[in-house]
Amino acid sequence: MPLPILESPKYILTVPSTKKSIEYRPFLVKEEKILLLAQETGDDNAITQAIKEIIKACTFDVIDPEDLTTFDLEYIFLKLRAKSVGEISEINCTCEKCSAKTPVSIDIDKIEVTWPKDYNPKDNTIMLTDTVGVTMQYLKVRDIKAVNESKSQTETIMDTIIAMINTIFDQNGVYKKSDSTQEELLTFINSLSRSQIEKIEKFIIDSPKLMHELDFSCIKCKHTNKVTLAGTQSFFE
């Protein structure tokens, strides 16, 4: 007689960038093992790959993790983790005054994506001159590895800008990034002035983020600290 197979509960979440509702289930022991093995390596790319595999399995292959924005990926994973392991995560926060560690409990199921002020999902066009501009997109998961492998800070900035440009346009037409080579894109960016590149950098800096601010009192010196947690790994020990 075959052993019984337990049926997982199903939940609904809303993908932050698209506002679409998707069904998901908690991750199972076999999927948690994938994550634990990746965390043991300490390699960010391995951890991201594990998270992608878990999200794909737990959303019943409805979404392709590569097409998610980075903040979508982090948000969905937190929701999965909350239903799989528990809503409360305890982390050790460092006091800015005496450096002592204080355990702090966080309800990760209540953490939401922080959007820029005056956010308008359709306002992704940046005019560089009176006739030349770009349309932008938020960083996708498929671009993370290439950006992380940049050899210098300058290359990281350039690779991030290229990844987040969707189209370039002028009075003659619209040019899709996918129709241009990396060299052509670099030539375009290198032709911009400092003020023009700062407009693009502002869009990048103002991108939505999975973050959470918390206050805690140090268990040693009683100093009140304010900490901002950002990114999936910061919410766990």
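Contact is taken here to mean heavy atoms within 4.5 Å, and axes are lines fitted to C-alpha atoms, for helices over the stretch in contact, with angles running from 0 to 180 degrees between N-to-C directions. Helices (H or I, at least four residues) and strands (E, at least two) are DSSP runs, numbered from the N terminus. The model is predicted, so that local features need pLDDT of at least 70 and side-chain atom pairs count only at pLDDT 80 or more, whereas totals for chains, interfaces and linings use all residues. Residues are numbered from 1 along each chain as its sequence is written, and side-chain values use heavy atoms, with hydrogens and water left out.

On these terms, helix H7 (residues 194–205) lies across strands S6 and S7 and runs at about 160° to S6. S6 and S7 belong to an open sheet of 4 strands with the order S6-S7-S8-S9 and antiparallel pairing, two strands being paired if DSSP finds at least two bridges between them. Its edge strands are S6 (125–127) and S9, each of which pairs on one side only, and the twist averages 25° from one strand to the next. S6 is joined to S7 by 3 bridges, with Met 127 having Gly 133 in S7 as its bridge partner. Between S7 (residues 133–136) and S8 (residues 165–170) there are 4 bridges, and Val 134 stands opposite Ile 168 in S8. S8 pairs in turn with S9 (residues 173–176) over 4 bridges, where Asp 170 is placed opposite Gly 173; a hairpin of 2 residues connects S8 to S9.

Helix H6 (residues 182–190) has Leu 185, Phe 188 and Ile 189 as its buried residues, buried meaning under 20% relative accessible area, exposed over 50% and partly exposed in between (1.4 Å probe, protein chains only). The elements covering the buried residues of H6 include S7, helix H5 (153–164), S8 and H7.

A further open sheet, of 3 strands, has the order S5-S10-S11 with antiparallel pairing. Strand S5 (113–114) and strand S11 (224–230) stand at its edges with a single partner strand each, so that one side of each is left without a neighbour in the sheet. Strand S10 (residues 209–217) is joined to S11 by 7 bridges, and Leu 214 stands opposite Val 227 in S11. Helix H3 (residues 70–84) lies across S5 and S10, running at about 55° to S10.

Pro 16 is located in the loop between strand S1 (11–14) and strand S2 (21–24), and because its relative accessibility is 6%, Pro 16 counts as buried. Apart from neighbours within four places in sequence, Pro 16 is in contact with Phe 71, Asp 72, Tyr 75, Val 113 and Trp 115. The C-alpha atoms of Pro 16 and Pro 208 are separated by 9.4 Å, although these residues are 192 residues apart along the chain.

The axes of helix H1 (residues 29–41) and helix H2 (residues 44–58) come within 8 Å and cross at roughly 170°, and H1 and H2 are therefore roughly antiparallel to each other.

How values were computed: Parallel < 35°, antiparallel > 145°, perpendicular 65-115°, else oblique.
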